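Colleague: Please take a close look at one part of this model, and then follow the charged residues and the ligand sites from there.

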Amino acid sequence: MLMKCLRLKFFLLLLILSLFVFCLNILKYSDIERISKSYGENGSAVYLNDPEDIEVNEILYQKTGMYVLVSEKISVNRSIPDTRPTICHTLKYSKNLPSVSIIIIFHNEVLSMIKRTLHSIWNRTPNVMIHEIILVNDASTEQETYKPLRNYVASYFGDKIKIKELKQRSGLIVARLEGARIATGEVLIFLDSHIEVNENWLPPLISPIKENKKIATVPVIDDFSSKTFEYFKMPPTRGAFDWTFTFKELPIDDEDTIEPFQVPVMLGCAFAIDRSFFLNDLRGYDEQLEVWNGENYELSFKLHLCADGLLKVPCSRIGHTFREINPTRVTNHDYVARNFKRIAEVWLDEFKDVLYSRDPKRYETVDAGDLSKQKSLRKQLKCKPFVYFLANIAKDLVERYPPFYQVPVFASGVLKSLSSGDNFCLVADQQHEASLRLSKCDNNLIEPKKFQHFSLTFFKQIEQSGSDLCIDSFNMRLLDCHYEGGNQYWKFDYKSKMLINKGKFCLSANVEMKTVTKEICNEFDRNQKWMFGYFNHT
Ligand code: UD2
Ligand code: MN
């Protein structure tokens, strides 16, 4: 009897439970119904009808660069289209990915947009992967506006979200560093405060960092309108710049690729990097960069020249809105020129003059400040010369935005030995591994026969003209030009007339044997002195 009663009770309990689940489902569906009728779902555009709203909205736009009333109409949990290539849906990622600290900085940003940024992360990220989210308020001026934020995040997201208030306006570079310093996750993710992350954005973004800590990764950046908030899918591109340091994009060969690929520079609004690598090895950003702009170049150059580079991950996507009017700018001095000059002085080598030549007055008058810390960091990390970046990572940047109006060769024609009065020139067969010899110089010193025709190129390689072969100091033969400096990097010293490799070896003629070798440089050795048929002095 007792058993029967218990069984009945059990069934009743089960029935009540099923009813409860059923009701919950109905609620859930009606919720979806409600949301699908609300504004901006699936990333669609939203417009205002009420003339009064439209007027207020325009006033707020001038202040914030966004249609504030439109943003407020849209749910913080709105859906956006999944813009990933379809193959991404089937990829599997390790369960043991590093924990992440997400750092979001803001100064005077639209509150409803900050909230949507947070909710998009919350909704589209496996919760266990989020170690913490750190919001850094870079001393926004209308503090009252942001007061409710503390309670809001506590009630929606619990204690995973921390807010750090900066006492004084520090600019986005220092604000990010302040966030990074209190972060305790293994990987840092830096985000702007007006973004919407897309489906499963995080695992693909940090997977490459689990494999190699000496890189940073960026997602493909989609765009949404700062007026209608319509969400647009964007193609994957390679970030680059022209010689005014304006951000530009270069194409990639295969837009459907899902493999992470190297890109020259990042935009800056979203990237992931190992915390210890960023703070301890790369020493974060140059802390003297002010307010906004340039830090994305600085970090990208460091990554390529001193570590293993910067990868874009096609399966990770984040929407960001670019504003035409920006409330975060400061107008009392040209901090952008100062930032650019700091970066140019430290990282650009001889190419800094290319940047300055585009606006000489601006750069002459601006003081870059003390650079000793940055310069010694570059030495300490044994970073490659800037030409490596141009030649290997951004070769098409040079083609599209030639640093010189015409990419020059520094010298060309015959390469004549000054060793004796015998008129001997360098010659080599036009083939891989060809050895270097001396023979009587062609009469035409500027346009000699092709086996005697060499150029000291823009990339400081001695190329046999018309071939893709370069003098390689490894075995002193012609090898395929590799644009990576090292054995193929030759500096011509005008004064001593020596061609110097790796700072110590010099191209040397042996007139008796009719051969060419590398010897330890010696200014007094006539065999090490050379002359090109033609020098380009521009
Ligand atoms: C881009 C980047 C941005 C940054 C910048 C270069 C994208 C899409 N955005 O400009 O991340 O790399 O280039 O510096 O890649 N902020 C502060 N304090 C300030 C100024 C700005 O906290 O003094 C915040 C601001 O609220 C925002 C973030 O920094 O969350 C980036 O500023 P932005 O959105 O004005 O920069 P954006 O997107 O035009
Ligand atoms: Mn932004």
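In which strand does E463 lie?

Modeller: The model is predicted, and what follows describes that prediction. E463 lies in strand β17, which covers residues 462-464. This residue is buried but forms no salt bridge. Its nearest side chain of opposite charge is K395, 8.1 Å away. Setting aside residues up to four places away in sequence, E463 touches H453, F454, S455, T457, L469, C470, C481 and Y483.

Elsewhere, charged side chains do pair. The structure holds 24 salt bridges. One of them joins D138 and R169, with the closest N and O atoms 3.7 Å apart. D138 sits in the loop between β2 (130-137) and α5 (143-157), and R169 in the loop between β3 (161-165) and α6 (171-182), so this pair ties together parts that are 31 residues apart in sequence. D138 is buried, at 4% relative accessibility, whereas R169 is partly exposed, at 31%.

A second salt bridge is formed by the side chains of R238 and D396, at 2.8 Å from N to O. This pair links distant parts of the chain, with R238 in strand β8 (residues 238-241) and D396 in helix α15 (residues 395-400), 158 residues apart. R238 counts as buried, with 11% relative accessibility, and D396 as partly exposed, with a relative accessible area of 23%.

A polar side-chain atom of R169 is 2.8 Å from an oxygen atom of ligand 1. For D192, an N or O atom of the side chain lies 2.9 Å from an oxygen atom of ligand 1. The backbone takes part as well: a polar backbone atom of G268 is 3.2 Å from an oxygen atom of this ligand.

The manganese ion (ligand 2) is coordinated by D192 (OD), H194 (NE2) and H320 (NE2), at 2.1 to 2.2 Å. The spacing of these donor residues in sequence is D-x1-H-x125-H. H194 belongs to the loop between β4 (187-191) and β5 (195-197) and H320 to strand β12 (residues 310-320), so the two histidines tie together parts 126 residues apart in sequence. H194 is buried, with a relative accessible area of 4%, and H320 is buried too, at 5% relative accessibility.

E255 lies in the loop between β9 (247-250) and β10 (261-262). Apart from neighbours within four places in sequence, E255 is in contact with P235 and P236. P236 and E255 are 19 residues apart in sequence, and their C-alpha atoms are 6.2 Å apart in space.

Key: Residues are numbered from 1 along each chain as its sequence is written. Chains are lettered from A and ligands numbered from 1 in the order in which they are written. This is a predicted model: local features need pLDDT of at least 70, side-chain atom pairs count only at pLDDT 80 or more; totals for chains, interfaces and linings use all residues. Side-chain values use heavy atoms; hydrogens and water are left out. Helices (H or I, at least four residues) and strands (E, at least two) are DSSP runs, numbered from the N terminus. Buried means under 20% relative accessible area, exposed over 50%, partly exposed in between (1.4 Å probe, protein chains only). Lys and Arg count as positive and Asp and Glu as negative; His and the chain ends are not counted. A salt bridge is a side-chain nitrogen of Lys or Arg within 4 Å of a carboxyl oxygen of Asp or Glu. Contact means heavy atoms within 4.5 Å. Donors are N, O and S atoms within 2.8 Å of the metal (3.2 Å for Na, K and Ca); water is not among the atoms, so sites may look incomplete. A polar contact is a pair of N or O atoms within 3.5 Å; within protein, one must be able to donate a hydrogen and the other to accept it, and residues adjacent in sequence count only if both atoms are side-chain atoms.
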